[in-house]
Amino acid sequence: MAPAQQVQVPVQVSPPPILSVLETTLVAPSPSAGAAPPESSLPLTFFDVLWLTSPPVERVFFYRLAADADVPAILSNLKTSLAKALSTYHPLAGRLRLTPGTADRYEIYYQPGDGVTFTVAKYRDDIDFDELVVDKPREVSKIAPLAPPLPKGGAVLALQATVLHRGLAIGVAVHHAACDGAISTRFLHTWAAAGTGAVVPSPPVIDRTLVKDATGLYDVFVKAMPSADEMEHVKVLEDKLLATFTLTKEDIQRVKDVVASEAARRGVPPPRCSSLVATFGFMWSCYQRARDEGSKSGDQTYLVFPVDHRTRMQPPVPDEYLGNCVGGAMHAAPMDQLAEAGAGGIFVACTALAAAIEEAVRDIRSPETIALWLDKFREAAMAGMWTVAGSPRFRVYEVDFGFGRPVKVEIVSVARTGAMAVAEGRSSTGGIEVGISLPAAGMQRFQECFRDAIDSLHHH
C-alpha cells in the first residue's frame, strides 16, 4: 500500500489586533477642600429621557506628537488633570439608574469612590498616523476601536488614550442621556485646561430644577420612549468608510448667494440662510442626489438637527447647565426636488431647514407642541431621515492638552447612526467640516455629487 501523502495545509495567519490595551484605571474626582464630592442623584428631565436608549456619542481627537515626546508623562498628566476636571463634573463619574422605589423615574447617581474608566492602549505600528487623519475615505474599522466602549452598569462617560506611531488619539464615549454636546465638549475643554494651567471654563451648573416641566412632559416621553431596537443601532461597521468634506467660508457665502438669486428668480422671499443652514442645505442636497433611486414625485424626506434651547427656556437656562437642553428641528422636503443638481436642490433644502428652525424656536414656548416631538420624529423616521451630530460652536479643534491642537477630530459614532458629523473647519476660519460614513459604493457616489456641486458653486 502506498504511504499516505502528507498534505500541507496552509496556515491562516490572522492580522494582529488593531490595538492592544495596556491598562485600564478608574479615575475618581479629586477631592476639593479635602473631601470627595458628596453622594448625589440628578433626576433626568424630559430633555434627558429622550436619549435613554440611544447609543453613546463617540469622538476621537488625533494629536501629533514630537519624536522626543515623553509619552508616560503625557499619560500621567492626562489622568491627574482628568481627576481635577471631574471634581466639578462629578455626575459624569456616576451611573445611570432607575430611581429606587419608582417604576419609570431615572437618575444619575454618584457616590464617593465612583470614577471614570480611563484606558491606555497601543495601536499597531504598521499603520501610519498620517493614514488615519486624512480627509479622504478611511475604513471605519481602523478608527472605531480608538473610542472606548461604555462600561456596563450605567456608566455615562468613558475615556481612552491610544499611543500611535508619532501621535496620540484621545477617545471619548458619552451617554447622551447624561448631557448634550455643548456640555460634554465644555467638559473636555475643562479637562484640557486643568492640565495646562490655561483659563478653565466656568464650572457647570448642576441643578435640574432649572428645566421646568409643569405639564408632565417627562411622563409623555418616558411612555413613548423608543426601544433600543427602534433606535436602529447599526452594528455592522466592517464595510463602512468615513470621510471628511469641508466647506470654506467662501463656499458657504456662495451657497447663500445661490439661494438668494434662486429666490429672486422664483419671485419668493429668500429663506433665512445662516452659515449652518447653508452648510446643511448643501450637504443634504448632495446626499439625496447620491442616494436618489428614482424617488416618486411627492415622496418626502427629513433632515433632523439639534437646536440648543438654553437661551429660549422660560426662564432661560444658563450655558453651563449640566444636562440636555436640545430639541430636534425638522421639516420635510420633497426628495425629487431636493436631489436636483445646481441651485434648485440647494434652494429647496435651505428653505426647509430655515422653516425647521423657525418651527423649533416657536414650539419650545408651548408644552403642547413639545409633547408632539416624538410623533414628529417617528414620522420623519418612517419617511426617511438624515440626522446631525455635533456643532461648529463646540470648538473641538481648540481642545489642547498641552501638546498642540488636534490635527483631526472625528465623531466615529456616525458610522453606527448614519448621521452627518459637524465641526468648525480646522484649516480655515469660518469654514465648516462634515464627516460622513457610507459603504464604499455610496461613498464614491457622494464624493462625485459633492465635487460636482462645489464646481457648480464656483461657476455660478
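Begin with the open sheet of 3 strands, ordered S2-S5-S4 and paired antiparallel. Strands here are DSSP E runs of at least two residues, helices are H or I runs of at least four, and both are numbered from the N terminus; two strands pair if DSSP finds at least two bridges between them. Select 40-43 and 95-98: these are the edge strands S2 and S4, each pairing on one side only. Leu42 sits opposite Ile108 in S5.

A word on what you're looking at: this is a predicted model, where local features need pLDDT of at least 70 and side-chain atom pairs count only at pLDDT 80 or more, while totals for chains, interfaces and linings use all residues. Residues are numbered from 1 along each chain as its sequence is written, and side-chain values use heavy atoms, without hydrogens or water.

Next, select helices H7 (residues 249-266) and H10 (residues 343-363), which pack at about 95 degrees with their axes 9 Å apart. Axes are lines fitted to C-alpha atoms, for helices over the stretch in contact, and angles run from 0 to 180 degrees between N-to-C directions. That makes H7 roughly perpendicular to H10, a label for angles of 65 to 115 degrees. To see the contact (heavy atoms within 4.5 Å), show side chains including Val255 and Val259 in H7, and Ile346 and Phe347 in H10.

Move on to the open sheet of 7 strands, S7-S10-S16-S15-S13-S11-S12, where the pairing is mixed. Its edge strands are S7 (138-139) and S12 (326-334). Helix H12 (373-383) packs on this sheet, touching S11, S12 and S13.

H10 and H12 each give two or more residues to the lining, as does S12. The largest share, 4 residues, comes from H10. Select Trp373 and Lys376, both among the lining residues.

Last stop: the largest cavity, with about 110 Å³ of space. Of its 13 lining residues, those closest to the centre are Val409, Ile411, Ala421, Val422 and Ala423.

Terms used: Angles under 35 degrees count as roughly parallel, over 145 as roughly antiparallel, 65 to 115 as roughly perpendicular and the rest as oblique. On a 1 Å grid over the protein atoms alone, a cavity is a set of points where a 1.4 Å probe fits but cannot get out, and a pocket is an open set with protein on both sides within 12 Å along at least five of seven lines; lining residues have an atom within 4 Å of a point. Grid points are joined across faces, edges and corners, and a volume is the space filled by probe spheres set on the points.
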